[in-house]
Amino acid sequence: SSGINAEYGGFGRGSKELGIPTANMDKTAVCSVASLSTGNNPALKNGVYYGFASVSGGPVFKAVTSVGWNPQYMNKEKSVEVHILHNFKDDFYGEELRFIFLGYIRDECAFTSVEALIERIHKDIEEGSNSLETMLEFRDDEFFR
């Protein structure tokens with residue numbers, strides 16, 4: 001497992017356009033993620049991952065994270081977007097967000113439509129959530145303390 005600790009900012013697309021709120025990591029975190037290694041992988045490749053996340057030292061929740069260039073939106077900068085599987089009352093811009101990478105779901109790709117992207121994100125969330133059921137002990141990892 002590898003983790004990132006960063007401030008949260010964002011494009012605002014996840015919640016507004018897709019109905020799937022995401023916390024976009026700041027540029028420092030994106031650079032840190034690019035240099036992470038996981039298991040036998042020398043560097044974290046672009047794609048969709050699952051793990052656990054917490055905001056400002058609060059409770060730890062399941063999460064799914066996209067790492068890459070978001071080909072659907074033709075981003076000019078690499079991004080790390082975390083979708084926490086919890087309904088928060090308020091935004092948490094500027095708060096500390098911690099995410100621990102525990103597994104890989106798929107490569108990033110462009111979709112034929114926004115609807116197809118949303119459908120795939122929901123599948124990613126389901127797959128990540130199911131996989132994390134066997135890894136609940138990581139919610140107590142010292143990284144979150």
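Two strands count as paired if DSSP finds at least two bridges between them, and strands themselves are DSSP runs of E with at least two residues, numbered from the N terminus, while helices are runs of H or I with at least four. With that in hand, let's look at this predicted model, in which local features need pLDDT of at least 70, side-chain atom pairs count only at pLDDT 80 or more, and totals for chains, interfaces and linings use all residues. Residues are numbered from 1 along each chain as its sequence is written, and side-chain values use heavy atoms, with hydrogens and water left out.

The chain holds three helices and six strands, arranged along the sequence as β-α-β-α-β-β-β-β-α. Of its 145 residues, 43% are buried (under 20% relative accessible area, with a 1.4 Å probe and protein chains only). Among contacts (heavy atoms within 4.5 Å) between residues at least 6 apart in sequence, 66% join residues at least 24 apart.

| Partner of β5 | Bridges and sense |
|---|---|
| β2 (residues 23–25) | two bridges, antiparallel |
| β4 (residues 60–68) | six bridges, antiparallel |

Glu-81 takes part in both pairings: Asn-24 stands opposite Glu-81, and Glu-81 is also the bridge partner of Ser-66.

Terms used
Buried means under 20% relative accessible area, exposed over 50%, partly exposed in between (1.4 Å probe, protein chains only).
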